[in-house]
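Here is a briefing on one protein chain. The points are grouped by topic.

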Amino acid sequence: MKVCLHLTWERSGRELLSRSIDEMSEKELRVEIKRREAVDKRRLAEMKKLEKQRENVEKKLQKEIEKAKKQATSASRKDDQPAERLKHMVAILDTAIAENSTLMSSLAAKLSEVEVEYRIGKDVLHPGTISWLRKTAERTVDEQAQILTKVCEEEQAELLVNIEAQGLAGLVHYTKMAQCGQTLPDGAKTFKQYVEELIKSFPNKKVTLVVQGVEAFLRGNKTHQNRQYRQAVTGREAATKNSSQRMFSDVTRLDCEEVLVDMQLVLGPVVRMCEGPEELAEYVVTMTKAISESYFKQSNPFSFHTETGQGPSKQSPLAIPVSYVQALSDADSKVSLIFKHQLMQLNNVSEHMAAAVVSVYPSPAHLLNAYESCSDTKSAQLLLHDIEVRRGVGVVSSTRRLGPTHSKRIHLLMTATDQTLTLS
């Protein structure tokens, strides 16, 4: 049987050739085999070269991805810097505020100075409000080493409500009428009812009331009352038509203070007095700064009483710096001083007694934790009665126990939940 060897190769512009072993000489066969081996080597070398190039491309892309991730992390850290936090805040101004040209110009100028964005948004629940959004950037890196940034806006819990002085005077006036048992006009409401409706409309907000121009309004009331008194004494008529038509002229400073304090004790919202658009704009900027910092303070709460070590050293490179330790020490002494003066507000609690308690429990948090660790209420009430109180120095010094009476009163001060409770 005739054995044939079919050899196939590609040459430029030629057809495939096939020859049998019998038709080829030994020399030609040897040359053909070498040529085939050389072609295989070239192909293998090209394959290795392509594989190496692919690996180099993958390594380069991986390096670029790692670099992009570092850049994204660096950008996120930069956003968290105190100097950059304010730039991510957005103030939402109600249309009622935007329509007040004087107030709007002051707000726009102050917010632009600190690079805070502001928008005009209509609040259908209540006019004259200012709320805030905080922008957060989420950065990811795709397979092509491109940084993808997604900006999210998170609504903040704070809400500022702007009230004109005459509006506050009306609420105070109707509150006085209700306290005297008089019937209110249709649509009128007391200050407490107004704030309750406000809290109900914004259940998830911390409401702050800002009242403009109270001092000027009260001065006007005083002037009006003096004018009416002079008219009654002299019997002369009003010099101007509108002098006897001033609304809520019976509202006094004491009336405003009583109503505001009662509302804050019962309902909780903060009230801030501002005498003009400029002062209100400055307060809005102050609130914006506080809100921008609050998120980071909540995620990293500052502890006034912590175990602090010495400054950094070669053996302990992660130790707390000396300046930070000193700051904490100063804060500790201030907290203890305030706590001591707080205890001294109780009747018959002297400075020596308060200092003895503070020497054992340097802050309210320490004392509250000690109360929580007690097995029952009676042991908590008597927790402090064995504390030694030292009075005087030298030969005239004396010591005594704090006693159960003072211990019970301090326990009542620290744990009472009834705001109407009177401490003896």
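Thr 399 counts as partly exposed, at 42% relative accessibility; partly exposed lies between buried (under 20% relative accessible area) and exposed (over 50%), with a 1.4 Å probe and protein chains only. Thr 399 sits in strand β8, residues 398–401. Helices (H or I, at least four residues) and strands (E, at least two) are DSSP runs, numbered from the N terminus.

This is a predicted model: local features need pLDDT of at least 70, side-chain atom pairs count only at pLDDT 80 or more, and totals for chains, interfaces and linings use all residues. Residues are numbered from 1 along each chain as its sequence is written, and side-chain values use heavy atoms, with hydrogens and water left out.

- Thr 399 touches Glu 388, Val 389 and Arg 390, leaving aside residues up to four places away in sequence. Contact means heavy atoms within 4.5 Å.
- The C-alpha atoms of Thr 399 and Glu 388 are 6.5 Å apart, and the two residues are eleven residues apart along the chain.
- His 411 belongs to helix α14, residues 404–415.
- His 411 is buried, at a relative accessible area of 10%.
- Tyr 371, Thr 377, Ala 380 and Gln 381 touch His 411, not counting residues up to four places away in sequence.

**Whole chain**

- The protein chain holds 14 helices and eight strands.
- It has 424 residues, and 32% of them count as buried.
- Among contacts with a separation of 6 or more, 63% join residues 24 or more positions apart.

- Six strands form an open sheet in the order β2-β1-β3-β4-β5-β6, with mixed pairing. Two strands pair if DSSP finds at least two bridges between them.
- β2 (117–120) and β6 (270–274) are at the edges with a single partner strand each, so one side of each has no neighbour in the sheet.
- From one strand to the next, the twist averages 30 degrees. Axes are lines fitted to C-alpha atoms, for helices over the stretch in contact, and angles run from 0 to 180 degrees between N-to-C directions.
- Strand β5 (residues 206–212) runs parallel to β6, and five bridges join them.
- Val 211 stands opposite Met 273 in β6.
- Helix α4 (residues 101–113) packs on the sheet and touches β1 (89–93), β2, β3 (129–141), β4 (147–164) and β5. The direction of α4 makes about 150 degrees with that of β2.

**Nonpolar cores**

- The largest nonpolar core has 29 residues. Such a core is a set of buried Ala, Val, Leu, Ile, Met, Phe, Trp, Tyr and Cys residues joined through side-chain atoms within 4.5 Å.
- Val 161, Ile 163, Leu 168, Phe 191, Tyr 194 and Leu 209 touch the most other members.
- At least two residues each come from β4, α5 (165–179), α6 (191–201), β5, α7 (214–234) and α8 (253–266).
- α5 gives the most to this core, with seven residues.
- A second, separate core of 22 residues includes Leu 86, Met 104, Trp 132 and Cys 274.

**Salt bridges**

- The count is 16 salt bridges, each a side-chain nitrogen of Lys or Arg within 4 Å of a carboxyl oxygen of Asp or Glu.
- Lys 110 pairs with Glu 282, with the closest N and O atoms 3.6 Å apart. Lys 110 lies in helix α4 and Glu 282 in helix α9 (residues 277–299), so the pair ties together parts 172 residues apart in sequence.
- Glu 282 is partly exposed, at a relative accessible area of 42%.
- Glu 153 forms a salt bridge with Arg 119, with the closest N and O atoms 2.5 Å apart. Glu 153 is in strand β4 and Arg 119 in strand β2, 34 residues apart.
- Glu 117, Arg 119, Lys 135 and Glu 153 are linked in a network of salt bridges.
- Lys 176 and Asp 255 meet in a salt bridge at 2.9 Å, N to O. Lys 176 lies in helix α5 and Asp 255 in helix α8, so this pair ties together parts 79 residues apart in sequence.
- Lys 176 is partly exposed at 24%, whereas Asp 255 counts as buried at 13% relative accessibility.
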